[in-house]
Amino acid sequence: MRKISSRAIIDELYSIQHPEPVMTIYEQIQNAIEFIENNLSENIKCAETAWESNMSERSFINYFSCVTGFSFKQYLMKRRLSRSVELLCDDKLQVVDVALESGYETHESFTRAFRKEFGIVPVDIKNDPDKRKGLRITEKLQLIKEMYM
């Protein structure tokens, strides 16, 4: 017969009586948003973001779009492009540098996505930073705890 220490029994009883706090869906989605924001210039995948928020990929895809109103891909693209508007105003960076920093592999794909999102090309912002005032920038989402607690 196997001997079980009294400490193991106490630990087991404690874990049953005091389970670790469970995060709500909203907290998990906010964790995903934080992960995305911290890795905007990286090549992040939906599965990786789901894992970081302790969800299956399928659940993450469904809950993320329900809570935020964006698909994962849409939110990531909109945030990258919105951040690129700020980067374009930096005199030290060329458009190709901003494209790479924004997670795009080529200047052309960045320009195409930028034009589709904002209706102007990145060079226009680079040449005249005042043009960014009329753009519809997607800000980082911050879920309000009071709304879901």
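Helix α2 covers residues 25-38, a run of 14 residues. The model is predicted. Much of the interest in α2 lies in its buried positions. These are Glu27, Gln28, Ile29, Gln30, Ala32, Ile33, Phe35, Ile36 and Glu37. An α-helix has 3.6 residues a turn, so residues three or four places apart point the same way.

In soluble globular proteins, nonpolar side chains tend to be buried together. Here the largest nonpolar core has 17 residues. Within this core, Ile29, Ile36, Phe60, Phe64 and Phe72 have the most contacts. Two or more residues come from each of α2, α3, α4 and α5 (72-88). Helix α2 gives the most, with five residues. Beyond its neighbours within four places in sequence, Ile29 is in contact with Met55, Phe60, Tyr63, Phe64, Val67, Thr68 and Leu143. A second, separate core holds 14 residues, including Val85, Leu87, Val98 and Phe110.

The loop between α3 (46-52) and α4 (57-68) contains Asn54. Most residues other than glycine have a negative phi, and most peptide bonds are trans. Asn54 is not a glycine, yet its phi is positive, at about 60°. Asn54 has a relative accessible area of 58%, so it counts as exposed, the cut-off being over 50%.

The cysteines were also examined. Cys46 has 13% relative accessibility and is therefore buried, as this value is under 20%. Cys89, in contrast, is partly exposed because its relative accessible area is 24%. The structure holds zero disulfides.

Notes
Residues numbered from 1 in each chain as written. Predicted model: local features only at pLDDT ≥ 70, side-chain atom pairs only at ≥ 80, totals over all residues. Heavy atoms only, no water. Disulfide = S-S within 2.5 Å. Buried < 20%, exposed > 50% of the residue type's maximum accessible area, 1.4 Å probe, protein only. Helix = DSSP H or I, 4+ residues; strand = E, 2+ residues; numbered from the N terminus. Expected span 1.5 Å × (residues − 1). Core = buried A, V, L, I, M, F, W, Y, C linked by side-chain atoms within 4.5 Å. Contact = heavy atoms within 4.5 Å.
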